[in-house]
Amino acid sequence: MPPLLVLPATLVGLCLGSFVTTAALRSAHGEQALAGRSHCDGCGVSLGFARTTPVLAYVALRGVCADCGARIDPLHLAGEVAGGLIVGLAFYIAPCTRVAPLAALGLLLLASAVYDAKTRKLPDLLTFAVAALGAVLDAEQSMATLWLGLVAAAIALVLLEGLRRAFLWARRKPGLGFGDVKLVAALAVWLGLATPWAVVLASVLALGLALRRPSTDGRLAFGPWLAIGAFSAGMIREAHLWPALS
Ligand SMILES: [Zn+2]
C-alpha cells in the first residue's frame with residue numbers, strides 16, 4: 001500500500017479501536033453494545049465529540065471524567081492505541097487484498113481481549129469470526145494454505161483440549177479455559193505453522209504479568225495475551241520477516 005495512506009489509516013484505526021473497545025466494555029457490563037450515545041460510566045453524562053476523541057480526550061482529561069471525577073477505564077486508551085496500531089500495521093505491511101481482513105481480524109481480537117479482561121469469557125461469536133477471517137486470508141493465498149490452516153486448527157484443538165482436561169483431572173481446578181482453547185484453534189486457521197510461537201509469546205507475556213502483579217484469586221484472563229501474541233506473530237509472518245513460516 002502507498003506509505004502516504006498509513007497515517008490516515010492509523011487515525012481511522014484509533015477511531016475504530018475506540019468504537020470496538022467501547023462496544024466490548026458495554027457488552028461486558030450487560031449494556032447494549034452498539035446503541036446509545038457515549039456516556040461516562042460513573043455519572044452517565046453524555047459525552048460530546050471532543051470528549052470522545054481517541055487518545056487526546058483521555059490525555060487531556062488525565063483519565064478522569066470532567067463532571068464527576070470518576071476514573072475512565074484505562075482500557076479505553078489501550079483499545080484506541082491498539083486500534084491505531086492494528087489498522088496502521090495492516091496498511092503498512094499487507095498487500096491491498098489482505099488489508100481489510102487483517103484489520104478486521106485484529107479488531108475482532110481487540111474486542112475479544114477487552115471482553116475477556118472484564119468477564120474472563122471469550123464470546124464464541126467473535127472466535128468464530130476470527131476463524132472465518134483466517135480462512136479468507138488463507139484462501140486469498142492458496143487452497144493449500146487453507147488446508148494447512150484447517151489441519152493446524154484441528155491439531156491445536158485436540159492438543160490443547162487434551163491438556164486442559166489433563167490439568168483439570170490432575171489439579172481439580174481449571175488451568176486453561178475452553179474459550180482459550182477455541183480461540184487458539186480459530187487463530188491457527190490464519191497462523192498455521194506459526195501457532196505454537198503465538199502461544200509461547202502469549203504465555204511469556206501472561207507469565208510476566210502474573211509474576212509482577214499476581215491476581216488476588218490466582219486466575220488470569222489469557223485472552224488479551226493470546227490476542228497480542230497471535231497478532232504479533234501473525235503480522236511478523238505477513239511481513240515475511242519469518243521466512244521459514246511464510
Ligand atoms: Zn462522570
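The buried residues of α9 pack against α3, α4, α7 and α8; here helices (H or I, at least four residues) and strands (E, at least two) are DSSP runs numbered from the N terminus. A residue is termed buried if 20 or more other C-beta atoms lie within 10 Å of its own, exposed if 12 or fewer, and partly exposed in between, with C-beta atoms placed from the backbone. The structure is a predicted model, in which local features need pLDDT of at least 70 and side-chain atom pairs count only at pLDDT 80 or more, whereas totals for chains, interfaces and linings use all residues. Residues are numbered from 1 along each chain as its sequence is written.

Twelve of the 16 residues of α9 are buried, and the helix is thus mostly covered. The buried set consists of Gly223, Pro224, Trp225, Leu226, Ala227, Gly229, Ala230, Phe231, Ala233, Gly234, Met235 and Arg237. From its first C-alpha to its last, α9 reaches 22 Å, close to the 22 Å expected at 1.5 Å a residue, the expected span being 1.5 Å times one less than the number of residues in the helix. Ala230 touches Leu109, Leu187, Leu191, Ala198 and Ala202 when residues up to four places away in sequence are not counted; contact requires that the C-beta atoms of two residues, placed from the backbone, lie within 7 Å.

In its secondary structure, the protein comprises nine helices and zero strands, and the order of elements from the N terminus is α-α-α-α-α-α-α-α-α. The radius of gyration is 19 Å, close to the 18 Å given by the globule rule for 246 residues, so the protein is as compact as a globular protein of that length. This radius is taken over C-alpha atoms, and the rule is 2.2 Å times the number of residues to the power 0.38. The C-alpha trace spans about 55 × 55 × 30 Å along its principal axes. Of the 246 residues, 36% are buried. Among contacts between residues at least 6 apart in sequence, 69% join residues at least 24 apart.

The largest nonpolar core contains 55 residues, of which Leu110, Val130, Val184, Leu187 and Ala230 touch the most other members. Such a core is a set of buried Ala, Val, Leu, Ile, Met, Phe, Trp, Tyr and Cys residues joined through C-beta atoms within 7 Å. At least two residues of this core are supplied by each of α1 (6-28), α3 (74-93), α4 (96-119), α5 (124-141), α6 (143-171), α7 (178-191), α8 (195-212) and α9 (223-238). The largest share, eleven residues, comes from α4. Domain 1 (1-93) and domain 2 (100-246) both give residues to this core, so the core lies between them.

These domain bounds come from an automatic or database domain assignment. The centres of domain 1 and domain 2, taken over C-alpha atoms, are separated by 24 Å. The contact between the domains takes 18 residues from domain 1 and 14 residues from domain 2. On the side of domain 1 that touches domain 2, α1 and α3 each supply at least two residues. The residues of that side divide into 13 nonpolar, five polar and no charged, where Ala, Val, Leu, Ile, Met, Phe, Trp, Tyr, Cys and Pro count as nonpolar, Asp, Glu, Lys and Arg as charged, and the others, Gly among them, as polar.

Helix α7 has 14 residues and reaches 19 Å from its first C-alpha to its last, close to the expected 20 Å. Since 13 of the 14 residues of α7 are buried, this helix is largely enclosed by the rest of the structure. Just after α7, Gly192 takes a positive phi of about 55 degrees.

Most residues other than glycine have a negative phi. Val55, in the loop between α1 and α2 (56-60), has a positive phi near 65 degrees and counts as partly exposed, with 15 C-beta neighbours inside 10 Å. Arg120, in the loop between α4 and α5, has a positive phi near 60 degrees and is likewise partly exposed, with 14 C-beta neighbours inside 10 Å. Just after α9, His240 takes a positive phi of about 60 degrees. His240 is exposed, with 10 other C-beta atoms within 10 Å. The C-alpha atoms of His240 and Ile93 are separated by 9.3 Å, although these residues are 147 residues apart along the chain.
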